[in-house]
Amino acid sequence: QPASQYANMTSVLNGFERLANGVQVALIGDPNTDDVAELCRTALAAGKPDLILSIVPPGADLPAGHPATGKSQVDDKATAYVCVGNVCGLPVTDATGLSDALAAV
């Protein structure tokens, strides 16, 4: 590769790192409810610098290829899935469970 492209390689590597190891939280629930707000605050308070938070209303779909595609709410509660790379953990429906799941990754 030409030396003029070396400066851009850091951006490519950073993008790959985020894709391969970024922590994604897919939060499924009505965005106007207190339980969704609580899970959202918990996710943001985890201190993950590359956290990607997606809030998905019930019945809506995540984009094809997202690791949480096809996941749904548990017992009509706000439900969070913590995903790293192509793999999601078990669903969590409370702030303590979400905090524990985020601490484990």
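Analyst: Contact here means heavy atoms within 4.5 Å. The model is predicted. By that cut-off, Glu38, Leu39, Thr42 and Ala43 in helix H2 meet Ala95, Leu98, Ser99 and Leu102 in helix H3. The residues of this contact divide into five nonpolar, two polar and one charged.

Now the geometry. H2 covers residues 34-45 and H3 covers residues 95-103. Their axes lie 9 Å apart, at an angle of about 25°. Angles under 35 degrees count as roughly parallel, so H2 is roughly parallel to H3. The crossing of H2 and H3 is right-handed.

Next, the cysteines. A disulfide is a covalent bond between the sulfur atoms of two cysteines. A search of the whole structure finds one. The disulfide joins Cys83 to Cys88, with an S to S distance of 2.0 Å. The link of Cys83 and Cys88 is right-handed, with 90° about the S-S bond. Cys83 counts as buried because its relative accessibility is 0%.

Which cysteine sulfur is closest to that of Cys40? The closest is in Cys83, at 15 Å. That is too far for a bond, because a disulfide needs the sulfur atoms within 2.5 Å. Cys40 is also buried, with a relative accessible area of 16%. The cut-off for buried is under 20%, so Cys40 at 16% falls in that class.

How values were computed: Residues numbered from 1 in each chain as written. Predicted model: local features only at pLDDT ≥ 70, side-chain atom pairs only at ≥ 80, totals over all residues. Heavy atoms only, no water. Axes fitted to C-alpha atoms, helices over the stretch in contact; angles between N-to-C directions. Helix = DSSP H or I, 4+ residues; strand = E, 2+ residues; numbered from the N terminus. Parallel < 35°, antiparallel > 145°, perpendicular 65-115°, else oblique. Left-handed = near helix turned anticlockwise from the far one by under 90°. Nonpolar A, V, L, I, M, F, W, Y, C, P; charged D, E, K, R; others polar. Buried < 20%, exposed > 50% of the residue type's maximum accessible area, 1.4 Å probe, protein only.
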